[in-house]
Amino acid sequence: MRLLKNHGSASARGESPLKKDMLENPTLDLHPAGWRFDHSYKRLPEIFYSEANPVAVREPGLAIFNDALARTLGLDADRLDSSEGAAIFAGNAIPDGASPIAQAYAGHQFGHFTMLGDGRAILLGEHLAPDGCRFDIQLKGSGRTPFSRRGDGRATLGPMLREYIISEAMHALGIPTTRSLAVATTGEGVIRETELPGAVLTRVAASHIRVGTFEFAAARGGLEELRALAEHTRLRHFPETADAENPALALLEGVIELQSALIAQWVLVGFIHGVMNTDNMALSGETIDYGPCAFMDVYDPTTVFSSIDRQGRYAYGNQAAIAQWNLTRLAESLLPLLNPDESHAVELAQEALAKFSVRFEFHWLEGMKKKIGLFTNESGDVELIKSLLEWMQRTRADYTNALRDLDPQCVPTNADADFCEWHAQWLSRLSLQPQSLVEAKKLMQRHNPAIIPRNHKVEEALDAAVERGDYAPLKRLLAAISKPYDETTANADFRLPRPVGASEYRTFCGT
Ligand code: AMP
Ligand code: MG
């Protein structure tokens, strides 16, 4: 382990399927605490990164540590849940074998193209887990880098704990996501509108390669650099395409499929990412860059929580269209690799992109059918689902609870006429399948979560932790969201909808 010197106030200075690793993989030493670093990304051309260390902080502490995740990664959890771990997760000590860099990328932010890069993050390297899976280990909020522009490179405690909560909730819901290994405190203030406590999040990801990384390659690199990135990404995330005839097309099609499935899963659980800029969309198909994200309570496709999304570009119901827009930027970046003849390349790209909405609708319908207990296919299924959603919107029903409470054997006594009519249609649809109502109900219970990280519960937990240093509510919340399909008396308060009369929820950018 290498120790970095703290140069005073840095703020002032501003479950994935097992995939065979296709990347060059030299024999690695196993280091204390179980780190096993490799650096396949660093074997890319130099334009894609800058070597940079985290900036040491005044007083490293561990706010929260993900014991279970550490163990799956093959790390020595007991050893890391300590001052040694705090030093690593705050960026004051570099674990043996790490080779820190800041990654270069670009991106369309709210539709406008900009050169970006890790302005407040450092990739320590790729850790190889005992099952052979490769994970980026990234420190977020770790100080200035060559890409920081006017930013201070820092993050604050509330938003980093928030990312920890929401990413772990997504994981428990079975949705592909980056994970959170630890949040370290820095003992330093960070100047925002007021001074806030600084923190560093350790993020674990299949990779941090973004649509924006390809936009960067297309804008800044030559054909060889673009090809190197495309091949690296393809072999890393789509090893099954090893022998593809048209490798760039295989990559594009692979990403389109993963993203269509991912966005469908978001929509099925009522998740709103909030800032789907192209730099916040990962080619691995994981949810990444949790900023002003939140779960919808009342069903309404126009729902926006982010204070900066004034036009509703990233509203709940817009997410599939925006994903397709982002993937179009990816396809554009890949054009020179798809075919040397530009018009033929454009044709290939358009054909691939056209599949997105078909695949999204497919994944969404499959998910919704399970949510209402359907095992089979009938022609009116989409209409049946849509009329339930319309009813929810009209009556301002809580999306999660309305679905969880559906019961084929029971119409609520206080239900309105529209709902009773829908319920009767639903029962006649259920009678067309061989499975019993009990089986249907069981299917529904496996696909309708009882527990989501409800906004008021998340705020309550963050307030206690950040304002009072009381982590008990946060730990209770984490325990509840880790078993989203369990309904117990102990977790009853996590299932209650937003209190009546509470003001509209607003989220702010993760900075
Ligand atoms: P995000 O909104 O977190 O997706 O970040 C968008 C871009 O702004 C990325 O290039 C970040 O690295 C950069 N950025 C965000 N916050 C800061 C900060 N405090 N200091 C430097 N760069 C930042
Ligand atoms: Mg980002």
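Predicted model: local features only at pLDDT ≥ 70, side-chain atom pairs only at ≥ 80, totals over all residues.
View 1. In the side chain of arginine 192, an N or O atom sits 3.5 Å from a nitrogen atom of ligand 1. A polar contact here is a pair of N or O atoms within 3.5 Å. Glycine 153 uses a backbone N or O atom, 2.8 Å from a nitrogen atom of ligand 1. Asparagine 280 places a polar side-chain atom 3.1 Å from an oxygen atom of the ligand. The protein buries 83% of the 480 Å² that ligand 1 exposes when taken alone (Shrake-Rupley areas, 1.4 Å probe).

**View 2. The shell around ligand 1.** Ligand 1 is surrounded by 18 residues (a heavy atom within 4 Å). Gly117, Gly119, Asp152, Gly153 and Asn280 are the closest. The shell divides into 8 charged, 8 polar and 2 nonpolar residues. Asp, Glu, Lys and Arg count as charged; Ala, Val, Leu, Ile, Met, Phe, Trp, Tyr, Cys and Pro as nonpolar; the others, Gly among them, as polar.

**View 3. Helices H6 and H8 cross.** H6 spans residues 223-237 and H8 residues 319-338 (DSSP runs of H or I, at least four residues). Their axes come within 10 Å and cross at roughly 105° (lines fitted to C-alpha atoms over the stretch in contact; N-to-C angles from 0 to 180 degrees). H6 is therefore roughly perpendicular to H8 (65 to 115 degrees). H6 contributes Leu223, Leu226, Arg227 and Ala230 to the contact; H8 contributes Ser333, Leu334, Pro336 and Leu337 (heavy atoms within 4.5 Å). These residues comprise 6 nonpolar, 1 polar and 1 charged.

**Notes.** Local features need pLDDT of at least 70, side-chain atom pairs pLDDT 80 or more, while totals for chains, interfaces and linings use all residues. Residues are numbered from 1 along each chain as written, chains are lettered from A and ligands numbered from 1 in written order, and side-chain values use heavy atoms, without hydrogens or water.

Technical notes
Helix = DSSP H or I, 4+ residues; strand = E, 2+ residues; numbered from the N terminus. Parallel < 35°, antiparallel > 145°, perpendicular 65-115°, else oblique. Polar contact = N/O pair within 3.5 Å; in protein donor to acceptor, adjacent residues only side chain to side chain.
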